[in-house]
Amino acid sequence: MKGLKLSQILDLVEYEKVRVARRRELVELKTARRVSVGRYLTFVFENRATVWFQIQEMVRAERIVDEAKIAEEVDVYNALLPRPGELAATLMIEIDDAAEIKPVLDTLLGIDTRDYVKLTVGPHVIVGEFETGHSDEERGKLSAVHFVRFALPPEARQRFSRSEVALVVAHPNERARTVLSDATRKSLLEDLA
């Protein structure tokens, strides 16, 4: 997937003119790209539209007007885009009760360092590859947000539209499986094209 360019990012004034409509479009797009697995895990599969929106919202929130700083944001967020043959997702550990955040995160330590998160496409099992630096098992710290990639072999990409596709979590303290809906599979097929 081609990265975004600085020239595609709107300035603050232009973005405000289209923000409401673009936000509505993105909420609709993310509905199909959001997959809950188990009690706490939500995967949001990233693409150019989701990344563009994140950059625009960051520029807006931080009131960034310097082109060099906007270019830095573009570079950082472009890293979230899937590479050819991949799906890429932000994994959020969502815990509603503030008193439960640390205990739940403690039980999920290691989720990003082993083969606990997988994508299955028919008989193919693709282990998620996590971005490093979001946990420290020795100190008992786990971030609530992670970034994970699934590099699909050619056979799995060929079967993606006609096979059952599921996200599987096989952590000792959280075991769950969610089959992707037809709408989700269809949306993600565009990433693999």
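This report covers the sheet, helices and nonpolar cores of a predicted model.

## The sheet

Five strands make up an open sheet. Their order is E1-E2-E3-E9-E6, and they pair antiparallel. E1 and E6 (129-130) are the edge strands, each pairing on one side only. Helix H1 packs on this sheet and touches E1 and E2. The direction of H1 makes about 40° with that of E1.

E2 and E3 run antiparallel and are joined by 5 bridges. Thr-42 has Met-92 in E3 as its bridge partner.

## The nonpolar cores

The largest nonpolar core contains 33 residues. Phe-43, Phe-45, Leu-119, Phe-150, Leu-152 and Leu-167 have the most contacts inside it. At least two residues of this core come from each of E1, E2, E3, H4 (101-107), E4 (117-121), E9 (145-151), E10 and H6. E3 gives the most, with 4 residues.

Phe-45 is one of the residues with the most contacts inside that core. Beyond its neighbours within four places in sequence, Phe-45 contacts Arg-33, Val-35, Thr-50, Leu-87, Ala-88, Ala-89, Phe-150, Leu-167 and Leu-188. A second, separate core has 18 residues. Among them are Leu-12, Val-51, Phe-53 and Tyr-77.

## Helix H2

H2 spans residues 48-62, 15 residues in total. From first C-alpha to last, H2 reaches 21 Å, close to the 21 Å expected at 1.5 Å a residue.

Its buried residues are Thr-50, Val-51, Trp-52, Phe-53, Ile-55, Gln-56, Glu-57 and Val-59. Of these, Val-51 and Phe-53 belong to the second core. The cover over the buried residues of H2 includes H1, E2 and H3 (67-78).

## Helix H6

H6 runs from residue 182 to 192. Buried here are Thr-184, Arg-185, Ser-187, Leu-188, Asp-191 and Leu-192. These residues lie on the same side of H6, because they cover an arc of only 165° around the axis. Asp-182, Lys-186 and Glu-190 are exposed, on the face turned away from the buried side.

What do the buried residues of H6 pack against? Their partners are helices H1 (12-33) and H5 (154-159), together with strands E1 (34-37), E2 (41-45), E3 (86-93) and E10 (165-171).

Technical notes
Residues are numbered from 1 along each chain as its sequence is written. This is a predicted model: local features need pLDDT of at least 70, side-chain atom pairs count only at pLDDT 80 or more; totals for chains, interfaces and linings use all residues. Side-chain values use heavy atoms; hydrogens and water are left out. Buried means under 20% relative accessible area, exposed over 50%, partly exposed in between (1.4 Å probe, protein chains only). The arc is that of the directions from the helix axis to the C-beta atoms. Contact means heavy atoms within 4.5 Å. Two strands pair if DSSP finds at least two bridges between them. Axes are lines fitted to C-alpha atoms, for helices over the stretch in contact, and angles run from 0 to 180 degrees between N-to-C directions. A nonpolar core is a set of buried Ala, Val, Leu, Ile, Met, Phe, Trp, Tyr and Cys residues joined through side-chain atoms within 4.5 Å. The expected span of a helix is 1.5 Å times one less than its number of residues.
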